[in-house]
Amino acid sequence: MKLFKELFIANLKELIRDKSGMFWLIAFPIIFVFIFGLIFTNSGNEQLYNIGFVSEGDTVFNKSIEESIANISVFKINKGKKQVELKALQEGNRDLVLIIPEINRNLNEQFEIEILTSDQRAQASTVLISSLKEIFYNIERQITNQKEVFKIKTSTVSTDTLSDFDYILPGILAMAIMQLGLFGSFNFLNLREKGIIRGLGVTPLPRQIILSSEITMRIVISIIQTVLIIFLGRWFFNVHIVSSLLVVFGVVVIGAFTFISLGYMLITFADSMESGRGIVQIVQFPMLFLSGIFFPIDFMPKYIRPIVKVLPLTYLGNALREVMVGIPSQVTMTRNITILVIWSVLTVLITVKFWKWE
Amino acid sequence: MSDYVLKVSNLKKSFKDVKALTGVSFSVEKGVIFGMLGPNGAGKTTTIETLTGLNKRDQGQVDILGLDPANQLKELQKKIGVQLQSPALFPRLKVVEIIKLFSSFYKSSLSTDQVLEQIDLMEKKDSWVKNLSGGQKHRLAVGLAIVSNGEIIFLDEPTTGLDPQARIKLWEVIRNLKKEGKTVFLTTHYMDEAEKLCDDLVILDRGRIITQGSPEHLIDQNFDDKVIEFRDQNLSAKFKDQLKNSSFFNKISFEEKNNHILIYTDQIRSSLKRLFNLSEQNNIELEGVIIRKATLEDVFLKLTGREYNDETI
Ligand SMILES: Nc1ncnc2c1ncn2[C@@H]1O[C@H](COP(=O)(O)OP(=O)(O)OP(=O)(O)O)[C@@H](O)[C@H]1O
Ligand SMILES: [Mg+2]
């Protein structure tokens, strides 16, 4: 145990002092989150709010209300029927739906204006509602010149549909875990190449400890990556995590183990750093795009799907999507985990069979 | 009765078709500085690596501290310290950290300060390993062998690549190890180092041992005589033949080396007389004549018929 601790510390120091290695492990996933986050979140950085506008009348007043709202530059107005707009709101394609009743000339009446927002974006909704209230207050004064014409009723609609980014965030985590497992094996390959492993062979240190400390360290890093990615997703892009963190960590650890052993398996077939890089890249690159971690499998051509269905990254992506943001996959959770475990067992067996210490 | 800590008999090791060791036998007494001397490719590293567990032997018996590296390796490795010829160390650890790491491998290891002191790297203790100079890295590797506080310390060419001062300092460290009662097994291709430092010595050549003994013993055994050496600037073959065939002296042997001619003799006076007479007869001016004691180099030359240098393979 003391040996393990000392070696773990040594490994950790080696890793932290390796600037480019740290970039790939920590900065790269963060950059990914931001790039995809900014591209795919609905509100985006332009702050255009999608307003569903339902007008139940066609009077002058209705028209001028519509105009006043359309004049606000950060609003994008989608005019439509009530059902259509409500459905759009539920699917996450509207930030807010505004329902204006027919406003006739009899302004003594009170008109009830309905504002429906999504429960997923409470913060944005509060801002939107208060600015809309302000707008109606102004309309009251300018157009009707009477007070309390409009009674504003707000309510939230539960939207269980998510933004594209909700789909992508678990994909980024899956990618990070895959990279960690596959590229992480270069560390051992490097130690093997340089003869460091061989050199340690004259000390009483059991060689298995070198591996177990590496594996432990990588699993710890994958947990750190998970926390980071979840944190960024939550705070910058409003992605809600539906399961407890422990469940997410459980899936992460299984996935990390699968890819760590796949990484070790690949480098057993390498006899130099260069060939190791080559082999890992040949596996890593296609897997990244063929696993549906960034877009659903249905978008891919039919003839590719059988490949998609065997890749472990597909199932890690599935599992993470389900436990993180609650998007179910085409197969059950048990199936996702089982396939990851099968991959782990197979790769461990092959690795053990062909393993080279020197 | 001497107390042996290491016994090797008929050790054989081949790498594919290269026969690196062809039946090597020797034993090492407890508490001595034991040297293995030999030119490049002689099999020194192969011997050390086979004894310490990096290579599996093909044949032969090995007994180190009562253990056999073939099946009691980890047990044995707890009791020895090893410095390899081309040490590879974690590049981004600090000197002090890597010594500490290695000290955690052994039960009664030395303190990091003791080691840093001995290998004279105190002021470099916070440098990353990869930023050390070649000689400093080499000294660190020696430090990692002595941190074990093992009963036998194996050092594969510990002084190669060191500047003269560091070399002498390291000799001191090695002598101290001996004072503490440890046995030191070192390889070297420096004849002078073997002569000055080692109590007992084997000379290895082309995977076999050509002789064993203390440096003085080896020299005395092969030469109870002195050496006359002079430069060979286009000396005629006739003159050389005359020298070679001169049955004049007791125990002469004649060798040519590197544009020098060596005459081994136990009768310096008459030999010199004869030499100068011959040179006068042939009208030859001899240059750079020196008279010296025989050294290990002479032993090597005599036993192998080849000059000792690093090209000798
Ligand atoms: N792993 C190997 N594969 C093939 N041949 C090897 C291997 N290791 C050593 N040899 C060969 O075995 C012979 C002995 O090598 P060794 O390294 O033991 O020599 P050495 O005495 O240590 O030489 P040096 O003074 O150069 O360190 C050499 O001919 C070398 O080429
Ligand atoms: Mg060597």
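## Ground rules

What you have here is a predicted model, where local features need pLDDT of at least 70, side-chain atom pairs count only at pLDDT 80 or more, and totals for chains, interfaces and linings use all residues. Residues are numbered from 1 along each chain as its sequence is written, chains are lettered from A and ligands numbered from 1 in the order in which they are written, and side-chain values use heavy atoms, with hydrogens and water left out.

## Where chain B meets chain A

On the chain B side, 24 residues are in contact with 23 residues of chain A; contact here means heavy atoms within 4.5 Å. Together the two chains bury about 2400 Å², with 61% of that on carbon and sulfur atoms. Buried area is the accessible area (1.4 Å probe) that two parts lose on being put together, summed over both. In chain B, the residues losing the most area to chain A are B:Phe90, B:Arg92 and B:Phe105, which together make up 29% of what that side buries.

As for polar links, there are 9 residue pairs in polar contact between chain B and chain A, both at pLDDT 80 or more. A polar contact is a pair of N or O atoms within 3.5 Å; within protein, one must be able to donate a hydrogen and the other to accept it, and residues adjacent in sequence count only if both atoms are side-chain atoms. Helix 1 (44–52), helix 2 (73–77) and helix 3 (95–103) of chain B each put at least two residues into the side that touches chain A, and helix 3 gives the most, with 4 residues. Helices (H or I, at least four residues) and strands (E, at least two) are DSSP runs, numbered from the N terminus. Sorted by class, that side of chain B has 13 nonpolar, 4 polar and 7 charged residues. Ala, Val, Leu, Ile, Met, Phe, Trp, Tyr, Cys and Pro count as nonpolar, Asp, Glu, Lys and Arg as charged, and the others, Gly among them, as polar.

## Salt bridges

Over all chains, the whole structure has 22 salt bridges, and the count between chain B and chain A is 6. The term means a side-chain nitrogen of Lys or Arg within 4 Å of a carboxyl oxygen of Asp or Glu. One such bridge pairs the side chains of A:Arg198 and B:Glu49 (2.2 Å, N to O). A:Arg198 sits in helix 7 (residues 196–200) of chain A and B:Glu49 in helix 1 of chain B, so this pair joins two chains.

## Around ligand 1

Of the 14 residues around ligand 1, B:Gly41, B:Lys44, B:Thr45, B:Thr46 and B:Gln85 come nearest; a residue belongs here if one of its heavy atoms lies within 4 Å of the ligand. An oxygen atom of ligand 1 is 2.7 Å from an N or O atom in the side chain of B:Lys44. Helix 1 of chain B provides the largest share of the shell, 3 residues.
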